[in-house]
Amino acid sequence: MSLAVRCQNLTKTYDTGGQIVTALSNINLDIPMGELMMLVGPSGCGKTTLISVIAGILDQDSGICELFGENLQRLSSKEKLKFRAKHIGFVFQAFNLLPALNAAENVAIPLIINGMNRHLAVRKAIELLSQVGLGERWTSLPSQLSGGQQQRVAIARALIHNPRLIVCDEPTSALDHETGLNVMHLLKSVALQNDRSLVIVTHDARIFEFADQVAEMDDGHIINVKNAPLRT
Amino acid sequence: MGDKGKYIGIIMGLTFASLIMTQQPAIFVGLMSRSYSFISDLGLPDIWVMDTKVQFVDDIKPLQDTELYRVRGITGVEWAMPLYKGLLKARLTDGTFQTCNVIGLDDATLIGGPPTMLEGTLEDLRRSDSVIVDIDGATEKLGKPSPIPGGKPIPLKIGDNLELNDRRAIVVGIAKSTRTFQSQPMVYTTYSRAKSYAPKERKLLSFILVKTKAGQDAHELTERIKLNTGLAAYTQAEFKELTYQYFMHNTGIPINFGISITLGFIVGAAIAGQTFYNFTLENIRQFGVLKAMGTSNLTLLRMILLQAVLVGSIGYGLGVGLTALFGYATRHTILAFKFPWQLLVFSGAGVSIICIFAALISMIKVFRLEPAIVFKG
Ligand SMILES: Nc1ncnc2c1ncn2[C@@H]1O[C@H](COP(=O)(O)OP(=O)(O)O)[C@@H](O)[C@H]1O
Ligand SMILES: [Mg+2]
């Protein structure tokens, strides 16, 4: 079994004006390719810090985090940017769409960052938007879309450049139950193709059933990892 | 939407700055060109000869009439004519006095007259006791008091009388001359009549106006005149420059304008920089998202600069447009206003510096931004 993410002895502390907060302490976690890993645990236990390190947007203090066998800390900051642009897709709790761009332009951003011609990128974005059920709405601005629709646009944006890992921080907690489930179905069906892996941070117990594995965190530690826990 | 308000704020700051940086210098240039407009109005002579101590055109140090004949004798001189310029008191029909700028022209040729005649002709000066008055003087300071208290004065017309130094002067023409720093009415007459109006003194010749012979280099001739007469001689351009420099160095005008232009620049920079920076701060999460997704600082810099160029061009366009409008609206007033193309470059450079400054302080923030903020709630 090959690994998408391998974390070994990760630690991360924050210095908040003299007071040291240990957000990650001695984290060991493997995420196999093609699987959906959920990180769960009480607020403040370090979930967001962990996926930030995994996604390469935050540096750990010590330990190693490898993505597809690549240790990001060995890369120059430019190579790291390229790596993120190519291999990682992001989904946020607050959607984080650019308000001045329409749905298709938002979805096209990762392709443009990877150097694709704008016109072509927008065309591909429109195609993908119809796959997530928003084909008709590609000209809409984020403010003209519902929360669920915005999160679909965000998922399309996370997928468009065919990344190998998608990281999601609380993707359903801004949505009602029904919409949250729809978004999870979408993530599970569309995102988890082609050996792609997903890491989803959540404390929404209603969506645990979508996970292949659930890693439970508390106070900066991983206290247990369960396989397909509540699958029915 | 709040963003729209911010945009308008930035553009207003830039518009204000570019307005101040265009309009104030335009007034300054207009005002400074008035310092030598008497020389400009008198276009025909190539060279002005005067006492060596003269510092600018209104600084009269009279010469003896005999100097005229010495200048006429110098090789390369096509003709040389006398010019009287002096401040004399005129008694108006209602008995009040008004100081006038009296210009005496060569009796035979009448060289040195006003640039434009509105009524009558220059030739009318050959009639006895005749004078020509400029329109601004005729309508304002030399006008007769209105029969209605507080009303506009009745303009001086052809046929009206003045008294200059107890001697009668009859208005035979109305002229248009460019405004100068001197606010007194211009009164044109012949040289000999001007001398009779002036208080009796040994020296009354203010300037000698010289035309160079064809093929004669003007500057070279000024050197020859200086050498032969011991007087000062300037080409028309040199005399304008002398006058302009005098006002630049000996009046508060440049400093006053310098202060208001600098203030406009600083206030504009502060408003635009501050709003632009706030704008960036409010959208910092979007920059974080782009950074997390792998956008380089260089690309973000380009985006910010593009924004700056956009608001900068709009603000600059509006500022310059308003300045032009201001110039148009005030074209018939006493206000000095000149808008040479160099001013566009000047204020354009000023607005560009403000925009670069505004973009730069925003850029520092974005450069230092940790992409990890994107996951913060
Ligand atoms: N930028 C930061 N500066 C200081 N402390 C932080 C920062 N980010 C997170 N923390 C602290 O680190 C701990 C873990 O936070 P976080 O990873 O956000 O937890 P979770 O996502 O599980 O709620 C918390 O105690 C939090 O207060
Ligand atoms: Mg969190």
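**Salt bridges, rings and the A–B contact**

A search of this predicted model turns up 20 salt bridges over all chains.

Q: OK, so which one links distant parts of chain A?
A: A:Asp212 pairs with A:Lys188, with the closest N and O atoms 3.8 Å apart. A:Asp212 sits in the loop between strand S8 (197–201) and strand S9 (213–218) of chain A, while A:Lys188 belongs to helix H6 (residues 177–191), and the two are 24 residues apart.

Q: Is A:Asp212 buried or exposed?
A: Buried, because its relative accessible area is 17% and the cut-off for buried is under 20%. A:Lys188 comes out at 24%, so that one counts as partly exposed.

Q: What about chain B, what do B:Glu67 and B:Arg70 do?
A: Their side chains meet in a salt bridge, 3.0 Å from N to O.

Q: Where do those two sit?
A: Both are in helix H3 (residues 66–72) of chain B, and because they are 3 residues apart, about one helical turn separates them. B:Glu67 is buried at 14% relative accessibility, whereas B:Arg70 is partly exposed at 41%.

Q: And which residue does B:Arg179 pair with?
A: B:Glu140, in a salt bridge with an N to O distance of 3.8 Å. That pair spans 39 residues: B:Arg179 is in the loop between strand S7 (167–176) and strand S8 (186–190) of chain B, and B:Glu140 is in the loop between helix H4 (135–139) and strand S6 (161–164).

Q: Which residues share that network?
A: Salt bridges with shared partners join B:Asp136, B:Glu140, B:Lys176 and B:Arg179 into one network. As for accessibility, B:Arg179 is partly exposed at 24%, and B:Glu140 is partly exposed too, at 42%.

Q: Switching to the interface: how many residues does each chain put into the contact?
A: Chain B gives 16 residues and chain A gives 21. Between them the chains bury about 1600 Å², 71% of it on carbon and sulfur atoms.

Q: Which residues of chain B lose the most area?
A: B:Gln286, B:Met293 and B:Phe375, which together account for 44% of what the chain B side buries.

Q: How many polar contacts are there?
A: There are 3 residue pairs in polar contact between the two chains, counting pairs with both residues at pLDDT 80 or more. By class, the chain B side that touches chain A has 8 nonpolar, 4 polar and 4 charged residues.

Q: Now rings. How many aromatic pairs are there over all chains?
A: 17 of them. In one, the rings of A:Phe92 and B:Phe375 have centres 5.5 Å apart and planes at 45°, so the pair is tilted.

Q: Where are those two residues?
A: A:Phe92 is in the loop between strand S6 (88–91) and helix H3 (103–113) of chain A, and B:Phe375 is in the segment after helix H11 (341–368) of chain B, so the pair joins two chains. A:Phe92 is buried at 1% relative accessibility, and B:Phe375 is buried at 6%.

Q: What geometry do B:Phe337 and B:Phe339 have?
A: Edge-to-face, because their planes are at 85°, with the ring centres 6.2 Å apart. B:Phe337 is partly exposed at 21%, and B:Phe339 is partly exposed at 27%.

Q: Which rings form a cluster?
A: One cluster, linked by ring pairs, takes in B:Phe38, B:Trp48, B:Phe207, B:Tyr234 and B:Phe239.

Conventions. Residues numbered from 1 in each chain as written. Chains lettered and ligands numbered in written order. Predicted model: local features only at pLDDT ≥ 70, side-chain atom pairs only at ≥ 80, totals over all residues. Heavy atoms only, no water. Contact = heavy atoms within 4.5 Å. Buried area = accessible area lost by both parts, 1.4 Å probe. Polar contact = N/O pair within 3.5 Å; in protein donor to acceptor, adjacent residues only side chain to side chain. Nonpolar A, V, L, I, M, F, W, Y, C, P; charged D, E, K, R; others polar. Salt bridge = Lys/Arg side-chain N within 4 Å of Asp/Glu carboxyl O. Helix = DSSP H or I, 4+ residues; strand = E, 2+ residues; numbered from the N terminus. Buried < 20%, exposed > 50% of the residue type's maximum accessible area, 1.4 Å probe, protein only. Phe/Tyr/Trp six-rings, centres within 6.5 Å; stacked < 30°, edge-to-face > 60°.
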